[in-house]
Each structure stands twice: as C-alpha cells, then as structure tokens.
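Work through the exercises below with the structure open. Try each task before reading its solution.

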Amino acid sequence: MRTSAYDPARAFQAVARMRYTERALAELWQHGLVPGELHLGIGEEAAVAGVVLHLRPGDATATDHRSTTVLVGRGVPVEPLLRECTGDRGGLHQGHGGHMHLFVPELPSSSDGIVGSAGPFACGYALAAQTLRPETVSVAFFGEGAANQGMLLESWNLAVAWRLPVLFVCKDNGWAITTRSAEVTGGDLRARAAGFGLATAEADGGDVGEVFRRAGTLLDGVRAGRAAFLRVRVHRPQGHFLGDPMLRLLDHPVRAGRPMTAGLPGAATHPSGGARAERLRGLGIVSARLGTLAASRLRHRGDPFAAARSALPAGEAARIDQEVRDEVVAALRRTIAATGGTEAAR
Ligand SMILES: Cc1ncc(C[n+]2csc(CCOP(=O)(O)OP(=O)(O)O)c2C)c(N)n1
Ligand SMILES: [Mg+2]
C-alpha cells in the first residue's frame, strides 16, 4: 500500500497542535510546574508532522529527549501529556516518567534521554514487528549530535544488514547543547548514511509539505524492507532547553549579561595566579560561541508553523488555529488546576 496524499489542512492542524502544546509546556515550566530541564520541539513541528502523518496504527516511533511533538502528532491527548510532564498522577504514566520518559505502548512509542538510543529502540521495534505486527514500520527521531554516537551507527548497520523496516529521521539544528556539530562531525551525514547502505533524502524543516513528500517516498521503500535516512534541517529558537542562558544573553545582552558576566573581566585580568592567559582565552571562546549562535539564528529558515498556516485560505487557517488553540488551552487550564497551580492560563 502506497503512502497517502498530502492534505495541507491536516498538516497545519498537526503542526498547530504541536506548537500550542509546546507553548503550553513552556507556560507550565515558567510557572515552576515542570521539574528539571525542558527540551522543547518548537521549530521541529514540520520535521515531525511530515513524517508521522504517514504512520498507521501499529507503526512504532522511538524518540530522544524531544518526544512531545511526536506523541501529539500521533494523536496522544494533550491533557495527560501535560500532566505527565508536571509529575501529576493524572499523567500518562501517573507522573513517574516526566517529559523525557514518555512511553505509549498502544501506539507503540517510546522516548529516552540517552542520546542515540532511538536507533536501537527503532531496530528492536522493527525486529519484534516481524513477528508481532507484520507490515508495520518503525521511525527513529534524533538530532545530528546523536549521529556521532556509536549505538546509532550500529543500528544503521543492522537495519540494512537485516532488512529492518526502519526510517531514521535526523532533525539537524546544527547544535548539540553548546557544541557546534560541524566542529565535531567528520564528512557529511547523508553521505555517511548512504555509506551504510541506507536510502537517503533531505528536506527543509520549514516546509511540512516537502518533509511529507520526501518521507513518503522513503517510507514506501521502508515498508518493502529498505531502511532509510532522512535529514531535515530545523531551527529551534529556544535553543537546547527552555531558559538556555546563551540565548538569554543574545536576546537581552544588557539585562541578562550583567549578572552573568559581572565577575569575568575582573577575574580574567586579575594580576595574581598563573592562569590569566587561560582566563582571557575562555572569555574569547564564550564571545566567539555567541557570535556563531547569532549568525546561525540569522541564517535560519522560515517558521514551520507560519508556513503551514499560510498554505491555507485565511478563513480555514483561522478556524483550525482557533480550534486547536481552544483544545490546548483547555488542557492547560485543567492541568494547572490539577497540579494546584493558581496562575491563570493565557
Ligand atoms: C549518551 C549521552 N551523551 C550525552 C548526553 C547529554 N546530552 C543530552 S542532549 C545532548 C545533545 C544532543 O544533540 P542532538 O542529538 O543534536 O539533539 P538536540 O538536542 O539538538 O535536539 C547531549 C550531549 C546524553 N543525554 N546521552
Ligand atoms: Mg542538534
């Protein structure tokens, strides 16, 4: 069976549900209701929606530390997802998993904070599917930083050697926390994947239609046992996690920079100690990193949400936008009420 036709209204609805859910998560985090770091998928919606819109019941997804967009795109209800991320009993796993360990056996879908592990998980799903869920595929979602992890490369090899129906989707934002991936990556990732024998393609993460078409072509092959790799270029305006200090510094150099850097010039130029040159070098590295970050922001492609919205007639886009927003805001309000929060959801 070949993949389905592209429906721009369905695509915008999926992208919008993801975007509003990510914003709701951000709101909960800002209120102190999500413990720990929060890795958002804002900017990755088209990369995810363009793939999951092809998936059928029984197809598996394995994700990394940014799993919420995948689950929302696969139709998981927003409220238990939000409540899980706050650690509430009404969450998907009674609050035991949190946002980095979301697992939905009915789909099936899993997530894991160990970078690169989506590859072995996806191969495991595909292997089990040969007995348990014939004719289904599995999809691994990961970042380009993960593509330098041995276990992910081992899973590329096994998927080809054992003809496993796996699609490896690399959401390439160019950064692994504060490391510029280009500085630690040999060769080209797509060529690397092709070297393992995977079918390969690339897509612009600002364009959900393009991702859908490229993923569809690859998935037709995957369903026939030809494992594949899709690289999607994405831009994540929130950086690695919400509240990323490097981005705060870029956005508000004076307000955020003063408390962060107040002691640095004095320490770097202090005459005592033998490490003055090292400290000056450290200041230079931080400034250079900020420069690269600013440049990569300027280069970024269009916002996938705005692009998916503008592909529809204005009235239809507004209607879908409002419906999705109402659904997510209602889930956010109930989550805040359930967790005992008092802030009014916007
Ligand atoms: C095996 C392992 N090494 C290091 C980390 C710490 N870590 C968490 S996220 C991350 C960066 C991953 O970068 P990438 O795969 O590009 O994903 P992105 O965060 O950009 O979506 C790192 C190094 C980890 N969680 N697991
Ligand atoms: Mg990355």
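This is a predicted model: local features need pLDDT of at least 70, side-chain atom pairs count only at pLDDT 80 or more; totals for chains, interfaces and linings use all residues.

**Exercise 1. The ligand site**

Task: Find which residues come nearest to ligand 1, and which polar atoms lie beside its oxygen and nitrogen atoms.

Solution: 
- Step 1. List the shell. There are 16 residues around ligand 1, and His65, Arg66, Gly113, Gly145 and Trp175 come nearest.
- Step 2. Sort the shell by class. Six residues are nonpolar, seven are polar and three are charged.
- Step 3. Look for polar contacts, with N or O atoms within 3.5 Å. Arg66 places a polar side-chain atom 2.7 Å from an oxygen atom of ligand 1.
- Step 4. Turn to the backbone. A polar backbone atom of Gly113 is 2.8 Å from a nitrogen atom of ligand 1. A polar backbone atom of Trp175 is 2.9 Å from an oxygen atom of the ligand.
- Step 5. Check the cover. Ligand 1 on its own has 580 Å² of accessible area, and the protein covers 74% of it.

**Exercise 2. The domains**

Task: State which residue ranges the domain assignment gives, and how many Å separate the domain centres.

Solution: 
- Step 1. Read the bounds. Domain 1 is 8–237 + 301–338, and domain 2 is 245–299.
- Step 2. Take the centres over C-alpha atoms. Those of domain 1 and domain 2 are 33 Å apart.

**Exercise 3. The second largest pocket**

Task: Describe the lining of the second largest pocket, and explain where the pocket lies relative to domain 1 and domain 2.

Solution: 
- Step 1. Note the volume. The second largest pocket has about 220 Å³.
- Step 2. Count the lining. It has 15 residues; Leu242, Gly243, Asp244, Arg248 and Asp251 lie nearest the pocket centre.
- Step 3. Sort the lining by class. Six residues are nonpolar, four polar and five charged.
- Step 4. Assign the helices. H1 (8–30), H9 (245–251) and H10 (253–261) each supply at least two lining residues. H9 gives the largest share, with three residues.
- Step 5. Conclude. Both domain 1 and domain 2 give residues to the lining, so the second largest pocket lies between them.

**Exercise 4. Backbone exceptions**

Task: Say what kind of peptide bond joins Leu107 and Pro108, and what the phi of Glu135 is.

Solution: 
- Step 1. Most peptide bonds are trans, and most residues other than glycine have a negative phi.
- Step 2. Inspect Leu107 and Pro108. A cis peptide bond joins them, with omega about 0 degrees.
- Step 3. Inspect Glu135. Its phi is positive, about 70 degrees, although Glu135 is not a glycine.

Key:
Residues are numbered from 1 along each chain as its sequence is written. Chains are lettered from A and ligands numbered from 1 in the order in which they are written. Side-chain values use heavy atoms; hydrogens and water are left out. A residue is near a molecule or strand if one of its heavy atoms lies within 4 Å of it. A polar contact is a pair of N or O atoms within 3.5 Å; within protein, one must be able to donate a hydrogen and the other to accept it, and residues adjacent in sequence count only if both atoms are side-chain atoms. Accessible areas come from the Shrake-Rupley method with a 1.4 Å probe; for residues, only the protein chains shown count as cover. Ala, Val, Leu, Ile, Met, Phe, Trp, Tyr, Cys and Pro count as nonpolar, Asp, Glu, Lys and Arg as charged, and the others, Gly among them, as polar. On a 1 Å grid over the protein atoms alone, a cavity is a set of points where a 1.4 Å probe fits but cannot get out, and a pocket is an open set with protein on both sides within 12 Å along at least five of seven lines; lining residues have an atom within 4 Å of a point. Grid points are joined across faces, edges and corners, and a volume is the space filled by probe spheres set on the points. Helices (H or I, at least four residues) and strands (E, at least two) are DSSP runs, numbered from the N terminus. Domain bounds come from an automatic or database domain assignment.
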